[in-house]
Amino acid sequence: MIKQEHIKNLKAIVGEENFYHDKAHMIAYSYDATRERYEPDAVIFPRNEEDVSKILRYCNENGIVIVPRGAGSGFTGGALPANGGIVLALEKHMNKILEIDMDNMVAVVQPGVINMELQKAVEAKGLFYPPDPASQEYSTIGGNVSENAGGMRAAKYGITKDYVMAIRAVLPNGDIIRAGKKTIKDVAGYNIAGILIASEGTLAVITEITLKLIAKPKRKQTAMGVFPTVEKAMEAVYKTMASGVTPVAMEFLDNLTIRAVEEKFKKGLPVEAGAILITDVDGNLPEELSYQMDVIERVFKENGCTQFKKAANDEESADLWFARRNASQSITIYGSKKINEDITVPRSVLPELLRRIDEVSKKYGVKVPCFGHTGDGNVHTNVMVDGSDKKQLEIGHKAIEEIFQITVDLGGTLSGEHGIGLSKAPFMHMAFTKEEINLFKAIKKAFDPNNILNPGKMAL
């Protein structure tokens with residue numbers, strides 16, 4: 001419960017119309033994609049960076065918790081007010097594209113800008129912002145930066161961190177800082193922008209982001225390869241990436257996922273296949289696409305591909321991508337509760353990872369359909385259980401814990417793009433030593449000595 005004096009003083013900063021503590025707003029800002037619910041004590045909509053600074057200074061002086069929030073589309077609880085406090089909602093006012101600089105090929109945006117809106121705005125000028133998380137139609141750039149979001153194009157173009165050139169942010173004490181520059185090179189001082197990326201709102205509140213843009217390729221082509229086993233498909237992935245050709249995307253679906261999509265949508269998918277790979281290439285000349293596709297087809301077939309289909313137009317491309325884009329909703333045929341994680345390993349150990357996940361599936365008697373961005377080693381594992389059965393939920397979480405340990409043992413990481421938040425915080429000790437976690441805590445304390453910014457996330 002927030003005190004009346006705080007309500008009065010915070011309303012004085014942002015105005016009556018931008019401060020709410022009614023039940024409707026508490027419920028609306030209590031959840032994210034995890035479906036966990038924690039009601040805040042209030043919701044504030046800052047109008048600008050100055051509002052953010054004044055709010056943080058006041059809350060820091062009075063020990064009031066602040067939870068920054070974009071669209072609330074995260075999968076790990078990073079924007080949940082698990083300790084109460086105030087949700088700082090940035091999507092209402094701070095949602096403008098401030099500049100598209102054609103000469104320097106950068107965009108300057110506020111944190112509440114929707115990813116897809118930025119992509120459309122820069123593409124209208126012949127430029128390209130590659131990071132494309134699955135939530136691109138509603139997730140915000142501020143949230144993407146705070147979680148270091150990826151996407152299907154990461155195999156060739158990288159992830160959010162590869163495009164952040166500079167960040168303006170407000171520290172918990174209200175101080176405003178700028179980290180980074182528009183310049184291509186900048187090695188002056190510590191890389192503070194790099195520290196703020198993927199910090200999940202625990203260190204500062206991001207108020208402006210400068211992003212690198214590139215020229216948009218003029219052509220694109222899609223293909224699908226069918227494999228008898230998931231191991232052969234995984235071998236084809238890392239051998240393709242080592243062939244001299246770098247696909248824009250290299251996505252896979254295992255047999256369980258293929259069967260689920262086919263059962264739900266009847267698309268004529270090869271339900272006996274061990275796995276399918278879907279890939280995109282791009283370039284400016286038809287000869288570039290032909291060369292890349294020829295190499296990929298050769299590598300796929302050398303690794304057991306039994307069918308290779310190239311899309312002849314955009315309609316066929318969309319049809320090939322349909323299964324991947326609808327995989328997540330389709331696998332619910334295996335259980336009402338999906339315990340999904342986005343583990344990532346070096347590409348060369350993908351066959352071993354999928355083999356060992358299959359062993360976990362058999363050990364616990366649960367179905368674990370897998371799909372994801374294998375071009376960068378990022379696999380979405382989905383332990384499917386009956387959400388109304390407490391025993392099944394316990395088994396599911398044990399299976400996930402074992403999958404995390406396998407991932408770390410193979411040199412991988414707990415998250416490729418969803419972040420740590422609340423849901424993965426208990427497993428941080430698997431991936432980091434005591435000394436490393438203590439360093440994280442020291443960084444948190446240096447930025448936020450009073451622990452008012454998003455406490456409890458990432459085990460901090």
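Before I start, residues are numbered from 1 along each chain as its sequence is written, and side-chain values use heavy atoms, with hydrogens and water left out. Because the model is predicted, local features need pLDDT of at least 70 and side-chain atom pairs count only at pLDDT 80 or more, while totals for chains, interfaces and linings use all residues.

Let me begin with charge. The structure holds 24 salt bridges, where a salt bridge is a side-chain nitrogen of Lys or Arg within 4 Å of a carboxyl oxygen of Asp or Glu. In one of them, E99 and K182 meet at 3.3 Å, N to O. D101 also forms a salt bridge with K182, with the closest N and O atoms 3.0 Å apart, and this pair links parts of the chain that are 81 residues apart. D101 is buried, at 9% relative accessible area, whereas K182 is partly exposed at 30%; buried means under 20%, exposed over 50%, and partly exposed in between, using a 1.4 Å probe and protein chains only.

What does T210 touch? Its contacts, meaning heavy atoms within 4.5 Å, include K182, R178 and Y163, not counting residues up to four places away in sequence. T210 itself is buried, with a relative accessible area of 1%.

Finally, the largest nonpolar core has 51 residues, and M234, L277, F300, L353 and V383 touch the most other members. Such a core is a set of buried Ala, Val, Leu, Ile, Met, Phe, Trp, Tyr and Cys residues joined through side-chain atoms within 4.5 Å.

Key: Helix = DSSP H or I, 4+ residues; strand = E, 2+ residues; numbered from the N terminus.
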